[in-house]
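Colleague: Could you walk me through how to read a two-chain model? I would like to start with the interface and then turn to charged pairs.

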Amino acid sequence: MTITVPGATDTAAPGGAPAGGLAAHQVSVAYGGQRVLDRVDLHIAPGETVGLRGPSGSGKSTLARVLALLHAPDSGHVTIDGQPLGGVRHRLPAALRTRVAVLFQSPRAATDPRLSLADIVAEPLRATGTPREQAAARAAELADLAGLTPDLLTRRPHAVSDGQLQRACLARALVHRPDYLLCDEATAMLDASTQAHVAAVIGDYQRRQGAGVLVITHDPALMARWATRVVDLPTA
Amino acid sequence: MTAPALLTVDGLTVRFRLRDAVVHAVTDLSLTLRSGELLAVVGESGCGKSVLAHALLGLLPRNATVTGQARLHAPGRDEVDLIGAGERHLARHVRGRGVGLVPQSPATALTPVRTGRKLLEETLRAHGHTRRDAPAAADRIAADVGLDAADLNRYPHELSGGMAQRLATALALAPDPPVLLADEPTTGLDRPLVDHTLDLLRRRCDTGAAVLLITHDLAAARRVADTVAVMYASRIVEHRPAEALFDGPAHPYTAGLLDALPDRAFTPVPGHPPSLTDLPGGCAFAPRCARATDTCDRLPRLAADGAGRVACHHPLREEVPA
Ligand code: SF4
């Protein structure tokens, strides 16, 4: 079922919220003097799928980047299980950083064209020092889960379709067993069958891991089907 | 009376030669596009639908071999063979004027050093408008696509993705071509912008143009298409009026795609599409098809089926022989 929560404030956000979860607290972001997010609260509990909706330019992607610990807000902060996080990217310890993963719309923009699909999937493991062989085995397991056949793993991005490359990005996103997965228009470029498959893989993973998922999509049918709760983000 | 055909494609086949393989990108594709018709070609990425658009514009890379025919019958002009015509002829008389392209990624299609207004006025003047009446015509087209004067005076890189898409659409509409090709024109746009772009294409049809909309987005096809052609593994497998296709698909692959929609079963088609370098001899969908029998080792021909065409030995609505 889908419940719409109007207004800038996520009513499931703290104070009365459960301690577990990934949360934005009073987050504001401006780019070049233009305010994109204005004191936004959002809370994603373990196991739930939150849909984030808003007009073009309302800062949905910016909020996803803040929650993914890729962009530091100008004010406000992000917490995981109630613990405030200072800093973003590599300033955070790997054990914290890898608890949140993100899947973007364009797999081409999100992958290195020189790497094979196998190396793209294994990249985050290698970045945290996992031995090569162990990383390769884990990458193969994830690739299979994401629906990539072994013959595709030796190819580079230019030799596969967008749908196949997005499956590799999904495998990469799950490789560290994140507790939160943020999907920013992640299936907008995919045909209906690939979209349904990607959503099913994420749903299975979510059930096994108890992970919280954020879904950003402009497609009302997909939002209604996928999200268990929808938050509206008004223009800042 | 049926409307006049503006584009007829007959047996179009495109192959790409790689170092150690041949890509079967488009195979034996035939279709007729009539004045007033919006035909959506749908299918998953890599099924050959974008190659079709590029073949019709003569924009394929050098390693491509094209056979078959594609004829443009622009009213009041000589018929042009789009496959046989040389690059000079295509560049001067066909692209833009005869067949317009609404591109997939406007950012790369727009010249960065000129403002939208300059680009639009230049296009208009190259197609019969005078220096005097081009500015007013540019304003009119800009208003049509939803660009205001301030946006028109910006450089392409200063425009948001949605605005750049509107500018690219305005440039394609400016020469008033009888046939428009739109190659995934809505990827990455917000729903209101998607709908706006689709409605613009629809309106062009209503004034007599014909549109070939290439898209992976079934919701887009359902919104505006008169007819839908489903491509799978380089071939059209089903082609019929949109309503009939959405309500009662005959090809098992079409049925599978529709079942994958989030407002239907939301279940994927099982298995994977075959590699276009290694297609089976019979029906390419057989490994994923619950209705496959031994007969399906033979290639099913695209044959008339009700108001449309289907390429399947055991189309839905028929019993599978025991
Ligand atoms: S020809 Fe046979 S295998 Fe192919 S779609 Fe029809 S029933 Fe399925």
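This is a predicted model: local features need pLDDT of at least 70, side-chain atom pairs count only at pLDDT 80 or more; totals for chains, interfaces and linings use all residues.

Colleague: How much area do chain B and chain A bury between them?

Modeller: The size of an interface is often given as the accessible area lost when the parts come together. Here the figure is about 2000 Å², with 59% of it on carbon and sulfur atoms; buried area is the accessible area (1.4 Å probe) that two parts lose on being put together, summed over both. On chain B, His216(B), Pro262(B) and Phe266(B) supply 29% of the area that this chain buries against chain A, more than any other three residues. In contacts (heavy atoms within 4.5 Å), 25 residues of chain B meet 28 residues of chain A.

Colleague: How many salt bridges does the rule find across that interface?

Modeller: Side chains of opposite charge can pair when their charged atoms come close. The rule asks for a side-chain nitrogen of Lys or Arg within 4 Å of a carboxyl oxygen of Asp or Glu. Between chain B and chain A it finds 0, while the count over all chains comes to 30.

Colleague: Which residue forms a salt bridge with Glu123(A)?

Modeller: Arg172(A) does, at 3.2 Å from N to O. Glu123(A) is in helix 3 (residues 117-127) of chain A and Arg172(A) in helix 6 (residues 162-174), so the pair ties together parts that are 49 residues apart in sequence. Helices here are DSSP runs (H or I, at least four residues), numbered from the N terminus. Arg172(A) is buried at 18% relative accessibility, whereas Glu123(A) is partly exposed at 34%; buried means under 20% relative accessible area, exposed over 50%, partly exposed in between (1.4 Å probe, protein chains only).

Colleague: And what separates Asp204(A) from Arg207(A)?

Modeller: About one helical turn, because they sit 3 residues apart in helix 7 (residues 192-209) of chain A.

Colleague: Finally, what covers the buried residues of helix 4 of chain B?

Modeller: The cover includes helix 5 (134-145), helix 6 (149-152) and helix 7 (161-173) of chain B. Just after helix 4, Gly128(B) takes a positive phi of about 95°. Helix 8 of chain B is likewise followed by a glycine, Gly208(B), with a positive phi near 105°.

Methods:
Residues are numbered from 1 along each chain as its sequence is written. Chains are lettered from A and ligands numbered from 1 in the order in which they are written. Side-chain values use heavy atoms; hydrogens and water are left out. Helices (H or I, at least four residues) and strands (E, at least two) are DSSP runs, numbered from the N terminus.
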